[in-house]
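Here are my notes on the model, point by point. Please read them with the structure open.

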Amino acid sequence: MFRRLFWFVLGGLAALFGYGWLRRQADQLATKESVDQFIDGLVDRVITVKDKVSDTVNGATGSKRDSTSDDLFE
């Protein structure tokens, strides 16, 4: 009788601790995924801004002609 009760209680405790451990692991994984998604989004935004600034600067300098001294007198 006591042997069965011992194993039943031990199994119940193992189930409780296992459930708690699995829940903590799931919370950590969910937090990690949200942080990774945030960082990926931030990197994408920085790259987009860099490309826009680069295009703007290249467009501003590329549209101007290089003037020479001959252009001033014509």
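1. Secondary structure. The chain has 2 helices and 0 strands. Both terms refer to DSSP runs numbered from the N terminus: helices are H or I with at least four residues, strands are E with at least two. Helix H1 covers residues 2-62. This is a predicted model: local features need pLDDT of at least 70, side-chain atom pairs count only at pLDDT 80 or more, and totals for chains, interfaces and linings use all residues. Residues are numbered from 1 along each chain as its sequence is written, and side-chain values use heavy atoms, with hydrogens and water left out.

2. Burial and surface. Of the 74 residues, 3% count as buried. Buried means under 20% relative accessible area, exposed means over 50%, and partly exposed lies in between (1.4 Å probe, protein chains only). The chain exposes about 7,300 Å². Carbon and sulfur atoms supply 64% of that area. Areas come from the Shrake-Rupley method with a 1.4 Å probe; for residues, only the protein chains shown count as cover.

3. Nonpolar patch. Which residues make the nonpolar surface patch of about 850 Å²? They are Phe 2, Leu 5, Phe 8, Val 9, Leu 13, Leu 16 and Phe 17. Patch residues have over 30% relative accessible area and no salt bridge; nonpolar side chains (Val, Leu, Ile, Met, Phe, Trp, Tyr) are joined within 5 Å, like charges within 9 Å. Leu 16 sits in helix H1. Its relative accessibility is 60%, so Leu 16 counts as exposed.

4. Aromatic pair. The structure holds 1 aromatic pair. The ring centres of Phe 6 and Trp 7 are 5.1 Å apart and the planes stand at 70°, so this pair is edge-to-face. The rule takes rings of Phe, Tyr and Trp (its six-membered ring) with centres within 6.5 Å; planes under 30 degrees apart are stacked, over 60 edge-to-face, the rest tilted. Trp 7 is exposed, at 54% relative accessible area.

5. Negative patch. Glu 33, Asp 36, Asp 40 and Asp 44 gather in a surface patch of negative charge. Asp and Glu count as negative, Lys and Arg as positive; His and the chain ends are not counted. Asp 40 belongs to helix H1. Asp 40 is partly exposed, with a relative accessible area of 49%.

6. Salt bridge. The count is 1 salt bridge, defined as a side-chain nitrogen of Lys or Arg within 4 Å of a carboxyl oxygen of Asp or Glu. Asp 51 pairs with Lys 50, the closest N and O atoms being 3.3 Å apart. Asp 51 is partly exposed at 36% relative accessible area, while Lys 50 is exposed at 53%.

Technical notes: Charge placed at Lys NZ, Arg CZ, Asp CG, Glu CD.
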